[in-house]
Amino acid sequence: MENPNNWFQILYQYGLGGLFFLVTLVLCFKEKGASLDHPEDRWMLKVLIGGYFGYLIVHSLWAYLARF
């Protein structure tokens, strides 16, 4: 039996967490803690965003498979 609360929890976790994540990234680049001119900073930005969506996908797949 599927528990619909799993999807609300995922939406809350990655929605609110994503908002904090986005604000943190914006502040980091705005305050010159990192710069898109530097290759390492661009690479780390890609890694961070990829990790966020990677966890989102794995967590969503896990919740989907838990219903069987």
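Rings of Phe, Tyr and Trp (its six-membered ring) are taken to pair if their centres lie within 6.5 Å, and planes under 30 degrees apart count as stacked, those over 60 as edge-to-face and the rest as tilted. The structure is a predicted model, in which local features need pLDDT of at least 70 and side-chain atom pairs count only at pLDDT 80 or more, while totals for chains, interfaces and linings use all residues. Residues are numbered from 1 along each chain as its sequence is written, and side-chain values use heavy atoms, with hydrogens and water left out.

By the ring rule, three aromatic pairs are counted. In one of them, the ring centres of Tyr14 and Tyr52 are 5.8 Å apart with the planes at 70 degrees, so this pair is edge-to-face. Because Tyr14 belongs to helix H1 and Tyr52 to helix H2 (residues 39-65), the pair ties together parts that are 38 residues apart in sequence; helices are DSSP runs (H or I) of at least four residues, numbered from the N terminus. The rings of Phe21 and Tyr52 have their centres 5.4 Å apart and their planes at 5 degrees, and the pair is therefore stacked. With Phe21 in helix H1 and Tyr52 in helix H2, this contact ties together parts 31 residues apart in sequence. Tyr14, Phe21, Tyr52 and Phe53 form one aromatic cluster.

As for accessibility, buried means under 20% relative accessible area, exposed over 50% and partly exposed in between (1.4 Å probe, protein chains only). Tyr52, at 18%, counts as buried, whereas Phe21, at 24%, is partly exposed. Lys30, which lies in helix H1 (residues 5-30), has 60% relative accessibility and counts as exposed.

Key. Helices (H or I, at least four residues) and strands (E, at least two) are DSSP runs, numbered from the N terminus.
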